[in-house]
Amino acid sequence: MPVGRDALSAYRLNFFRSEGPAMRLNPAEAEIAAAGVKPQPGVGRRLRALRMRWIDNSRFFPLMLILPVLIFFFVWNIIPLFWMLGMSFYNYSLVTGSPPRFIGFGNFLDLYASISVWLSLSKTFVFVVGAVGIETLLGILLGFLFWGSTTLPGRRLALTLLFSPMILTPAATGTFFRLIYEPTFGVANDLTTRLFGARIDFLGDKAWALLSVLLVDIWMWTPFMMLITLAALGSVPKAELEAAEVDGLPWTKRIRYVVLPHAKFILMLGVLLRTIDSFKVMDLIYQLTRGGPGNTTEVIGVTLFRKAFEGFTMGWSAALAVITLLIAIAFTSIYLYILNLSRQRREA
Amino acid sequence: MRQRSWRQTIYHLILWMVAIIFFLPIIWIVMAALKTKSDLLAVPVKYVFSPTLANFADLATRHDFFSSLRNSFLISASAVIVAIVVSFLAAYCFSRFKPRMTDFLMFILLSIRMVPAAAVVVPIFLMYTALGWKDTFWGVMLFYAMFSIPFSVWILKGFVDGVSPRYDETGLVNGGSRMHVMFRVVLPQVRPGLIAAFIFNLIFVWNEFLFNFIIGGKRTTMIPVSLVTGSLAQGGVDWTFVASLASVYLVPPVLAIYFFQKYLLVGMTFGTVRGEV
């Protein structure tokens with residue numbers, strides 16, 4: 001692309017034309033801005049340029065830019081959303097074959113009275129608190145451990161190994177762990193027999209199932225919290241840390257007064273993201289236990305899926321989906337609130 | 001001095017050990033893929049065995065393997081490309097023209113991503129069966145494009161915000177059209193954002209299971225679905241098949257985070273947290 005001369009003339013042009021300081025670019029910037037701008041001779045070209053101008057000056061130009069996204073959004077979100085909302089007021093089962101019957105808030109009342117829904121909500125709660133709590137603690141510890149790892153030989157490879165679990169699909173990691181937890185030839189059982197002399201059916205035993213599932217989630221997502229901790233620690237200015245070291249502050253105080261004030265927003269964002277994601281958990285548990293044994297590991301996502309695609313009670317599932325949707329939107333608003341707080345702080 | 005380097009070595013050893021411990025389950029599945037069926041099912045568990053590539057050779061003879069591999073590549077690549085083009089236009093608009101509903105739309109886009117997939121899958125399923133889009137390339141591909149848009153818009157808006165509007169002004173003053181400014185002036189400067197959005201959307205679509213399971217079918221099965229259906233097979237799981245398929249599946253994501261490690265943080269947090277590790 002012939003940049004040189006055009007850029008220079010563009011720069012000169014700009015220099016003479018510019019009125020406010022806002023318009024003045026340094027040569028490097030002008031070169032980028034003017035790259036490829038060529039004089040456009042010929043009638044056809046001029047017509048094209050005219051059309052371009054018309055597009056540029058049209059007040060619909062911004063709308064044209066977001067139109068594709070809006071179309072996608074309409075077809076794949078608005079329509080299904082209203083479909084779902086509508087369906088949640090109907091008694092609609094794919095099994096009976098009878099046409100949907102309007103029952104008003106019947107599904108919601110049924111949900112409210114249903115023990116299994118409350119049970120799976122409480123399991124989701126236990127899962128979220130357990131997973132996010134342990135992941136955060138372990139992640140922060142590991143983050144601090146890896147803080148000084150910049151000189152680690154083969155650091156990139158080590159971090160790749162460490163971050164691999166979170167980048168793999170739960171459908172696959174669930175598969176790995178079904179092999180590992182396998183009651184007869186699984187390696188986990190080999191270890192427990194060697195250490196404690198006991199065989200445990202990790203995924204089939206009611207006492208162990210939830211814990212085993214939780215352990216897989218912790219394995220997958222602790223590296224994420226570690227990544228977040230590293231980012232949070234990286235946002236602490238070096239000068240303040242050095243000042244604290246010179247002042248001889250004990251490490252507890254260093255963390256409390258120097259590290260935390262800078263790191264806390266990123267940490268909070270990380271914890272919230274994890275909360276939202278573990279609330280969503282479905283494919284991991286479905287792949288590991290299908291919600292069983294009994295319904296010991298049936299969190300809300302699994303209930304939804306089983307009721308819709310094993311029980312085919314579409315109206316009822318839609319009502320439950322509306323409820324989870326509302327919970328998820330509440331979480332998102334909290335996330336955005338914290339995000340805005342952190343941005344305001346950074347600007348201040 | 002000498003003592004210090006000793007401590008450094010121990011510290012490094014500990015770090016490497018932590019990394020390897022986290023990788024152990026993955027090593028285990030790859031090991032399982034290299035075992036013969038009798039080694040894999042042996043009790044007590046065999047830690048030492050003579051590796052064989054027979055399972056991968058078997059895998060190559062199964063026709064559903066190549067079709068799901070091809071589907072995975074085709075669908076994820078085309079969906080992500082569509083999503084990124086569309087998202088860049090929207091991100092530019094949000095960043096430069098700031099239409100009145102910008103904040104609201106960004107909020108909605110983020111919530112789409114935060115909603116449990118199991119909640120959305122019911123209406124999508126009904127819509128797809130009603131319209132006959134189930135198990136068609138376009139139906140699945142465009143769904144995944146939508147699936148990738150929220151993340152791409154978030155990440156790209158952050159990056160376009162980082163490009164000073166003075167570039168746009170200069171480009172316009174010098175006679176460039178809007179299109180020129182967008183694609184020749186702004187686009188090259190948000191390359192890191194484009195790469196991050198591209199790589200991570202590719203990984204997310206490559207990994208997606210639930211929707212492919214529900215709205216896909218024989219012609220659009222991707223690898224995670226073959227994995228799950230393979231491991232839920234009635235009458236005993238074919239573990240050598242599952243293990244070798246899983247080993248093939250995990251190569252692209254692991255390579256991606258080795259080569260694009262500096263985008264990992266941006267990628268895992270919707271571009272809301274910047275920085276490198």
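Because the model is predicted, local features need pLDDT of at least 70 and side-chain atom pairs count only at pLDDT 80 or more, whereas totals for chains, interfaces and linings use all residues. Residues are numbered from 1 along each chain as its sequence is written, and chains are lettered from A in the order in which they are written.

**Chain composition**

- Chain B holds 14 helices and 0 strands, where helices (H or I, at least four residues) and strands (E, at least two) are DSSP runs numbered from the N terminus.
- Chain A, by the count of these elements, has 15 helices and 2 strands.
- The C-alpha trace of chain B spans about 75 × 70 × 30 Å along its principal axes.
- Of the 277 residues in chain B, 50% are buried, and of the 348 residues in chain A, 39% are buried; a residue is buried if 20 or more other C-beta atoms lie within 10 Å of its own, exposed if 12 or fewer, and partly exposed in between, with C-beta atoms placed from the backbone.
- In chain B, residues 24 or more positions apart account for 74% of the contacts with a separation of 6 or more, a contact being a pair of residues whose C-beta atoms, placed from the backbone, lie within 7 Å.
- In chain A, 68% of the contacts between residues at least 6 apart in sequence join residues at least 24 apart.

**Contact between the chains**

- The contact takes 94 residues from chain A and 89 residues from chain B.
- On the side of chain B that touches chain A, helix α1 (residues 2-33) of chain B gives the largest share, 13 residues.
- By class, that side of chain B has 69 nonpolar, 16 polar and 4 charged residues, where Ala, Val, Leu, Ile, Met, Phe, Trp, Tyr, Cys and Pro count as nonpolar, Asp, Glu, Lys and Arg as charged, and the others, Gly among them, as polar.

**Helix α15 of chain A**

- α15(A) has 34 residues and reaches 48 Å from its first C-alpha to its last, close to the 50 Å expected at 1.5 Å a residue, the expected span being 1.5 Å times one less than the number of residues.
- The buried residues of α15(A) include M314(A), W316(A), L320(A), T332(A) and Y335(A).

**Loop residues**

- Most residues other than glycine have a negative phi.
- F312(A), in the loop between α14 (300-309) and α15 (314-347) of chain A, has a positive phi near 55 degrees and counts as partly exposed, with 14 C-beta neighbours inside 10 Å.
- D135(B), in the loop between α6 (117-131) and α7 of chain B, has a positive phi of about 60 degrees and counts as partly exposed, with 15 C-beta neighbours inside 10 Å.
- S50(B), in the loop between α2 (37-40) and α3 (54-61) of chain B, is exposed, with 9 other C-beta atoms within 10 Å.

Key:
Contact = placed C-beta atoms within 7 Å.
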